[in-house]
2 protein chains.
Amino acid sequence: MSHRGERVYINDVAPRDGLQIEKQWVTTEDKIRLIDGLSTTGLDKIEATSFVSPKAIPNLADAAKVVEGIRRVPGVDIVVLVPNVKGCERALASGVDEINLVMSASDSHSRANLRMTPEQSLQQFAEIIRLAQGSGVFINASLSTTFGCPFDGDVSEARVVGFVERLLELGVQGVSLCDTTGMANPAQVARLCESVVTRWSRTPFTLHVHNTRGMGLANCLAAWQSGIQHFDAALGGLGGCPFAPGATGNVCTEDLVHMFEQMGVDTGVDLEALIALSATLPELVGHDVPGQVVKAGTSDRRYPCPAGL
Amino acid sequence: MSHRGERVYINDVAPRDGLQIEKQWVTTEDKIRLIDGLSTTGLDKIEATSFVSPKAIPNLADAAKVVEGIRRVPGVDIVVLVPNVKGCERALASGVDEINLVMSASDSHSRANLRMTPEQSLQQFAEIIRLAQGSGVFINASLSTTFGCPFDGDVSEARVVGFVERLLELGVQGVSLCDTTGMANPAQVARLCESVVTRWSRTPFTLHVHNTRGMGLANCLAAWQSGIQHFDAALGGLGGCPFAPGATGNVCTEDLVHMFEQMGVDTGVDLEALIALSATLPELVGHDVPGQVVKAGTSDRRYPCPAGL
């Protein structure tokens, strides 16, 4: 099986991308417990919260308290989503390792999700980056609807590559290619990843996919074969998108770790610990979650042979 | 994205591998309606039933009536599972296009599922093949637990290749590599498929995977990249394995067709018709089914942009 990188690095976005759309309020204490649990499993990063307006996302109104309350583990970067200059100021004051700026590659999703055009996003990013540069935090940008928009449809590779170029010119240090509503397919993922990894070989690109149409792991496989080593995923497969009903969540962290480890690709993650933590999610969020390995067990699981044979 | 074959051929095994483990009795009429529905969607084959003892699998006790009652569509092969010589006689009398013999690659699964050793299976196959040869039916053999056994664990590639060799020597014309309890991973699938396709380039090999640990589509992708063009799948993702509780079913036909069609790989299948048929399954079997595209819609689905923007 062709591939370039042996080691993969996983960013668990469940505390942010997962919890932001849950109906049930998750207490600050429980959020801290979840993040502290994730921090001990060997993940590379955790997207802990969003310094967004509490009016926009009430679920994450406790962002500062969460970041203040978590235990920091050496080697595990704490990432927060930063929607604007004010959010960036709060994030920098909180002492996080990485800020994640978000823009959409498509016009309608940009308007629906961010209430501005992609151009306006880029202008705002310039201000945020000026503020963050020199602070020591890593600056990542997530490009939503990279693989298609639920309103506008196809998003051309040229358009995506154009935005990546401008983000890097602005001083962004890493870019996440986001399949926001699970429209990507493996051939498309392979093409785009191959293209950006070849052109910007020193920039860490992250694949962020949702499992909406069951292709989450297949898309991660295709990206890995094309040289991508960084992945966003959510414990238990939490997450979703308010604009695409019926959609399941982000690709599931433990299912992704399980696939790579079974393939002999090092993730650095303690899978058993991750599965144990995932098993606590249904109580935390009040419903069943989509992850499959937590239900079926790993491929190494053995069953007793039926009696009498 | 590297691959060998542009066209893929799909065998829907829902009427057999799916319905055999359902708790709710599906009437002969409903089975016929399901198979007739599948026959109009452009699938290559349909595994319609099993000529097994009604005591062993009560759900498929109406095998002969089902085959007799379905509408035969030119170009769509009707396959039946044949567990023994008697089953083969009944299958040949019923006028099917293909018989599918089943053995296990691992000892414990062979005993648990078939109550015989793999050697005994091969001996029985010799008799069945003598009976079937010259009748015009295509003779396929399915090798269960090819990628691992839920009781014995790892099954070596050498062992699998050895069984494939013996099956072909006996006169089997096609071989299905079956991941019976969803233990396979894409690297393993790629290695084995590459190996058999290279060695027996004129034999049609079929990949049969379950989505137990979420890797169903990723495994199909890896097999296709390795030269496999034939796939088993079940409408709605029906199926499962009595020996691996918590397991979800076969890889879902419409999700598989959707992935390939989105990638630009021709399946010959009318996806909309398949999705419409899948939507009838929950009523037929009395519970929700795992397929995701039927819930989320295809990647081409567009949503109205939220009002007021």
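**Group meeting: a walk through a two-chain predicted model**

Let's start at one residue: setting aside neighbours within four places in sequence, A:Leu60 is in contact with A:Pro15, A:Arg16, A:Gln20, A:Lys31, A:Thr49 and A:Ser50, where contact means heavy atoms within 4.5 Å. Before I go on, this is a predicted model, so local features need pLDDT of at least 70 and side-chain atom pairs count only at pLDDT 80 or more, while totals for chains, interfaces and linings use all residues. Residues are numbered from 1 along each chain as its sequence is written, chains are lettered from A and ligands numbered from 1 in the order in which they are written, and side-chain values use heavy atoms, with hydrogens and water left out.

Okay, back to A:Leu60. You'll find A:Leu60 in the loop between β2 (45-50) and α3 (63-69) of chain A; helices (H or I, at least four residues) and strands (E, at least two) are DSSP runs, numbered from the N terminus. A:Leu60 counts as buried because its relative accessible area is 2%. For the record, buried means under 20% relative accessible area, exposed means over 50%, and partly exposed is in between, with a 1.4 Å probe and protein chains only. If you want a sense of distance, the C-alpha atoms of A:Leu60 and A:Leu192 are separated by 32 Å, and those two residues sit 132 apart along the chain.

Now over to chain B. B:Thr28 belongs to helix α2 (residues 28-39) of chain B, and B:Thr28 counts as buried because its relative accessibility is 19%. Leaving out neighbours within four places in sequence, B:Thr28 is in contact with B:Asp62, B:Lys65 and B:Val66.

That brings us to B:Asp62 again, this time for its charge. Which residue does B:Asp62 form a salt bridge with? The partner is B:Lys31, and the closest N and O atoms are 2.8 Å apart. By salt bridge I mean a side-chain nitrogen of Lys or Arg within 4 Å of a carboxyl oxygen of Asp or Glu. This pair links distant parts of the chain, with B:Asp62 in the loop between β2 (45-50) and α3 (63-69) of chain B and B:Lys31 in helix α2, 31 residues apart. Both B:Asp62 and B:Lys31 are buried.

Here's another one: B:Arg199 forms a salt bridge with B:Glu165, and their closest N and O atoms are 2.7 Å apart. This pair also links distant parts of the chain, B:Arg199 in helix α8 and B:Glu165 in helix α7 of chain B, 34 residues apart. B:Arg199 is partly exposed at 45% relative accessibility, and B:Glu165 is partly exposed too, at 30%. Then there's B:Asp288 with B:Lys295, where the closest N and O atoms are 3.9 Å apart. B:Asp288 is exposed at 56%, while B:Lys295 is partly exposed at 36%. Over all chains, the search finds 22 salt bridges, and in chain A there's a network of them linking A:Arg16, A:Asp17 and A:Glu47.

On the chain B side, α5 (107-114), α8 (186-199), α9 (216-225), α10 (253-263) and α13 (293-296) each supply at least two residues. The contact takes 51 residues from chain B and 51 from chain A.

Let me finish with rings. The whole structure has 6 aromatic pairs over all chains. One of them is A:Trp200 with A:Phe205, a tilted pair at 6.2 Å centre to centre and 45 degrees between the planes. The rule is that rings of Phe, Tyr and Trp (its six-membered ring) pair if their centres lie within 6.5 Å; planes under 30 degrees apart count as stacked, over 60 as edge-to-face and the rest as tilted. A:Trp200 is buried at 16%, and A:Phe205 is buried at 3%. Elsewhere in chain A, ring pairs link A:Trp224, A:Phe231 and A:Phe260 into a cluster.
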